[in-house]
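Could you have it open while you read my notes?

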Amino acid sequence: MKRVSVLLPNDKTAQGYTIRGKKDPEISCITYQSRACTEDTAFVALKGTHTDGHLYIREAVEKGSPLIIHSEDLPSYDEEITYIQCEKPQLLASQIAWHLHAPYPEHIIGITGTDGKSSTALFLYRFLTRAGVKCGLLSTVGIDDGSGYRATPYRQSTPEPEILYPFLGACKSQGVRAVVLEATSHALSLKTARLAPLTFSSAVIQSISREHLDFHASLELYVDDKMNLIRQVRDGGSIITSSHHPYLAQITSAMKPSHALLTYGEEAEHSASLRYTAEKRDLPSCSFSLSMGGRSVSAETPFAPSFFLENIAAAALAAAEFTSDNDLRFLTHDALCEPIAGRYQLIPLEGDRILIIDFAHTPEAYEKLFSFIASVEPARHICALFGAAGERDRGKRAPMGKAAGTYCSRIYLSDEDSRGEELSQIFSDIEQGIGESGFSGVLKKIESREQAVRTALKELEKGEILLLLGKGHEQSIEHEGVKRAYDEARFVQSILEKERFS
């Protein structure tokens, strides 16, 4: 519990605000959900896409909230309540939460990018743990506050301040030395300011391509928001990225003079701090070597596509920099081979058929995954089942369709969190790209995800590969504004067991 007066920011990031009410209440947490308010909870009223938090201030007060943070003028003010009005309530909420739950571990390693964040974060967490570092993790797939790894219960990769900062505080109390934190573009944007108060010890910048332009408005602004991670790295910190990153100029421009740039690249790129070589690659595995400081280590992983090797290289470079272990002894078999939920889950079926479950949901991820499969299994037909997120960036749908149409002989379009948007519109946007690809195969549109998966499995012929894309590790699916439980891997397993497809 801390008094509001000691939680308010007073540095250069502080914004102007108006305080109403003579009291200086004590609070223990903040929330954006009025139904979660208690007598020591601050309520933050946000204007959202579908609703306005100002409409729920009365409920928050009735539930006992002693502090209301808001941006709009209110029709009336309760004399027993403290109100703080400001232009950017999300920024103020993040700053208050940061002060409220401090202190935090000394080392917070941020990882951002369009694709590859979760895999890189998990590999780095595993490498640091194998190196004897007590490590925390907050990612799309899993979390660990120092009490043990578990699947994440959160839908957001970087949760809101009401979850994020208590988590980081718990890491400190559990004796965690370093936290690996997946930093999304939304969380890095000053619109939400979720991560604005944090200082990172180092940053890993993965591949960046078109995504979330419904939020960021343009690719340029999206990239710039990603660069906020670099701007928040402390003096003397390290920036880790690919030697051939398409936005390397923006990365170096965002760096401070005291930052160190560490790069990873393929063997031929001698200037890279760490070099990787794929020695043998097929559908179920990849043998590779990593070289650093004149030393080379050979290993194998079931994450065969080339982009996973880049993720491993990025994580290995970050772990080596943190531990000063250029021998890369943390590259253990279990760290490299333990499955990652919803990431390249390969399931062999009877009749030389193969099923792959993967979270790929961007045009670049599609292109990389499809092209890899086509390169190592050129004689096999590729089938894909996917959709696109509703009420999100429509501009990426046609490129996704074009990538699928280029490589697939059969495509199933289905629900993938359509939310409140009509599936017919989502399908139409994807079909535009499929048409541009010159696709001449079979296209089926099946709205129910379960029915689409069942149909695709039944129709999978000898020697074919079926990709189930876009849901991966997720535990729910949202259609017409209603969320329901849905675990793709578990659903597939139930079909294989009950209907004897395997």
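The points below go through the cysteines and then the aromatic rings of this predicted model.

1. Let me start with the cysteines. The structure contains zero disulfides. For C86, the closest cysteine sulfur belongs to C37 and lies 16 Å away, which is too far for a bond. C86 is buried, at 4% relative accessibility.

2. What about C408, is this residue buried or exposed? C408 has 7% relative accessibility, so it counts as buried. C408 takes part in no disulfide either: the nearest cysteine sulfur, in C383, is 7.1 Å away, whereas a disulfide needs the two sulfurs within 2.5 Å.

3. On to the aromatic rings, where the whole structure has 15 pairs. One of the pairs joins Y77 and Y83: the ring centres are 5.0 Å apart and the planes meet at 90°, so this pair is edge-to-face. Y77 is partly exposed, at 29% relative accessible area, while Y83 is buried, at 2%.

4. Finally, which residues do ring pairs link into a cluster? The cluster consists of F123, F127, F303, F307, F308, F330, Y344 and F372.

Conventions: Residues are numbered from 1 along each chain as its sequence is written. This is a predicted model: local features need pLDDT of at least 70, side-chain atom pairs count only at pLDDT 80 or more; totals for chains, interfaces and linings use all residues. Side-chain values use heavy atoms; hydrogens and water are left out. Buried means under 20% relative accessible area, exposed over 50%, partly exposed in between (1.4 Å probe, protein chains only). Rings of Phe, Tyr and Trp (its six-membered ring) pair if their centres lie within 6.5 Å; planes under 30 degrees apart count as stacked, over 60 as edge-to-face and the rest as tilted.
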